[in-house]
Amino acid sequence: MLHSFFPVFCARPVFCARSAARVMMRAVLTALVLVPACVLFATAAPSPAPDAPTPPAPAAQPADAGDAGAALLWSTRAEDMSAMVEEAVALQRSAEEHSKGVPEKLRTLRASFTRLSGLFQASRGHPTDQLLLAMQMRALRRDITAMTAPLERIAATVGRRRDELNALRKDLDAFTAQRAALPPGETEQLQRYSAALNEARKALNTAFTLTGRLLAPAESARDQINRAADDIEAGMADIWHDYYLNPADDEPLVPSDISALLGRRLTRAFPLTLADWMTVAVPFAGVALAVFLAAFLGLRATTALPAEQASVCRGLLTRTWPRIGLGLALAVAAGNPRSAFYPALGLLGALALISGVVSLGGRLRRALEPAAATVEPLRLMYLTAAAGALLLFFDLPPRLFGPVWDICAVLFLARLILTRRKSTVKPPVQERLLLGGAFWCGAAGIAFSLGGYARPAVLGFMGYFALAAVVTVGSSLSRLLEKVADRLFDKESTSPAKAAAEALAVPAAWAAALFCTLPWLPAVPGASYISLHFLLADYSLGGVTLDLSRILIIILLYFLCRSFIRLGKAALDHLPDRAPDIERGVIPPLRTMLGYGLWALFVFIALGILGVDFTSLAVVAGGFSVGVGFGMQNIFNNLISGLMLIFGRTILVGDYVEAGGTAGTVRAVGIRCTVIETPERALVYVPNSAVMSGQFTNWTRHNRMVRRSIVVGAAYGSDSAAVSALLLEQARLHPHVLTFPEPAVLFSNFGDSALEFTLNVFIDDLNNAGSTLSELRFGIERSFAEHGIEIPYPQLSLHLPDVKAAQPAGTPSESIASAAVSR
């Protein structure tokens, strides 16, 4: 009977969650079935002889025990299947609940899609309307995705459960086919299990049929909406490109349907009902409250700052922060996911954010450079840029758009000229350059508008306005972060924290400045599409295809590489402090190699991003190296010699060497030359090839100790032992003369005019050698004078024993006597 239970235990596990008690019960039942069988098998006697009496059959009790265990096992599986039935019924109810109203919603979405498609086709000449319709199409796609997502999850779960139930049904059929007759208890539990299995399959089939009937048309509608939305998104860049760059056509000055056009645009731009306004007001109020609390806490915190800094912070919190907060509140209210997108609120929020950026740049410039308060280019350009944004939003007819923009540009130029004339203080260079660019941008805008390109003129003015904002905010933040770093760290500090601050200050400042230009995207209709179009467009240059996105990535990698180099050099400077076994002289070569290595890596990555073929580059480099190798032998010789000096550590920074006829301290070991500073403070650049090929002396390679000698003469007749004792005494009294190796005095020679002694001393540091020898000479001279020892000067005497006898005729004796010469 055991083999009949084996398929049941090998069947696929029931997917319902089982409690620990049920698992333990199944283990107990398995033991009840297997243990008696094993005992029966182990104690079975061999077959008796034919004439032997037949023993009583011992298999009746184990068989009854196996039947009872099988009945209990089917009872447990029936209980598990009951839990499965509950889950199947829950899935069926969930499918029925989520399917309520789906046909009506689907019909509404289809009707909205048909209406939007028709409006999009009818508004071919008005990209602003098409942009609004594209936003509504995206919202429609989100709605149908949100409607079908629960049904898809239920359908996926139902499908997995149906596969598991089908597998269990097959295992049950195979088991019943193997058993011709079953005990009554086992048959009852088996029928109960089979009934539960059929009930679960029925509930899952109902749920599967229901979800399939609803998902088929919903998925078809969703695919149709997705294709239409993708087609609209793909064509928006070309639509806006034609809208801005094509000249004005021959439309009437004021179209007959302009009132209806503006009314339809304003209807889509603002909430219409009270419920819509309430939906918008709730997030607006939440953001406004958060902004107010942040300003309040910031003002409380400024009381602990110095007076000058507190004044600047209060100005930012009371004038700049409210504008930014208003813009954020309007932007959140306009893009509330629980309501439609309202472009008018988005435009007002963008203009408020731009006003906050203008205020931020102006206040930072005034705080860092007071002379910048005389003329503020961003403030002068803001009103004209806001007027251009409103003109683009209302999308006036081209023949009306141009004159209105010309008036705005003329007023801007007049205001700019009057402001420059009223200014009594010469503005800084940055303000003068930005004002000059703004003047020529406004003049070019008028010229373009007169030529029929009014919209490109507005777009160009807005672009220059954004560029001026980036320059103003980026330069101000860079200087501000540098000042903060100077306050936090000492000027001569080389800590990694200071290096990190200096390395990341400039990239962080300009990244924040670029982030401040985001409000220009919603302020200019279609700016996001145009920006993406120009960023991703391919430009051919010398056979290499480029796009602006790659160039921006390369610029970002440049700043990252620059930051990593500064951080790496700072870490290397502090490496000897953490690892005393590393000599400080090794650090400068490592700094040099780190810089060259990272810049080389950056160049290779940049070339890879640009799409340069390294195979062809290697061929060109090979041919180029053959021709250049002959003309640049000395350069390559110095390069290889520099690498040998750096890695061979023959010369380290700080060593005192004599090389190429020059003696001094090594200040730098470069790739091309070695810089030596002479005692006269002159920097001598010795080529590395001259250092490697010639003879050089390193006085301080192993230590800074150096031996020096002083030659002293004593007059003939002086006590030589006393002279030696006085010399040793002066050497031992000097603090920079080492006691080991100890000083030594040598009687070096019988000179022409004196007894010559040599004092050999070891000085602790080469830098102290000159001053130590001078002080020793002073001490020797003073000691000899105190002990009556004469230091003679060189002299030569000629003795003529018989001058008169050797005097020639007519020669005066005075001339002969003058033959004694002293020097």
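Is Thr758 buried or exposed? Select Thr758 to begin: with 13% relative accessibility, this residue counts as buried, where buried means under 20% relative accessible area, exposed over 50%, and partly exposed in between (1.4 Å probe, protein chains only).

Before going further, keep in mind that this is a predicted model, in which local features need pLDDT of at least 70 and side-chain atom pairs count only at pLDDT 80 or more, while totals for chains, interfaces and linings use all residues. Residues are numbered from 1 along each chain as its sequence is written, and side-chain values use heavy atoms, with hydrogens and water left out.

**Around Thr758**

Thr758 sits in strand 10 (residues 755-763); strands (E, at least two residues) and helices (H or I, at least four) are DSSP runs, numbered from the N terminus. Now show Ser748, whose side chain is joined to that of Thr758 by a polar contact of 3.4 Å. A polar contact is a pair of N or O atoms within 3.5 Å; within protein, one must be able to donate a hydrogen and the other to accept it, and residues adjacent in sequence count only if both atoms are side-chain atoms. If residues up to four places away in sequence are not counted, Thr758 touches Ser709, Ile710, Val711, Ala744, Val745, Leu746 and Ser748, a contact being heavy atoms within 4.5 Å.

**Salt bridges**

The structure holds 13 salt bridges, each defined as a side-chain nitrogen of Lys or Arg within 4 Å of a carboxyl oxygen of Asp or Glu. Select Arg107 and Glu104, whose side chains meet in one of them at 3.7 Å, N to O. The two are 3 residues apart in helix 4 (residues 102-122), so about one helical turn separates Arg107 and Glu104. Arg107 is exposed, with a relative accessible area of 53%, whereas Glu104 is partly exposed at 42%.

Glu376 lies in the loop between helix 10 (343-368) and helix 11 (377-394), while Arg366 is in helix 10. Glu376 counts as buried at 15% relative accessibility, and Arg366 is partly exposed, with a relative accessible area of 23%. Then select Arg365, Glu369, Glu431 and Arg479, which salt bridges with shared partners join into one network.

**Aromatic rings**

Rings of Phe, Tyr and Trp (its six-membered ring) pair if their centres lie within 6.5 Å, with planes under 30 degrees apart counted as stacked, over 60 as edge-to-face and the rest as tilted; by this rule the count comes to 11 aromatic pairs. Select Phe393 and Phe394, an edge-to-face pair at 5.3 Å centre to centre, with 80° between the planes. Phe393 counts as buried at 10% relative accessibility, and Phe394 is partly exposed at 30%.

Trp405 and Phe461 are also edge-to-face, 5.7 Å centre to centre and with 70° between the planes. Trp405 is in helix 12 (residues 398-422) and Phe461 in helix 14 (residues 454-488), 56 residues apart. Both residues count as buried, Trp405 at 2% relative accessibility and Phe461 at 1%.
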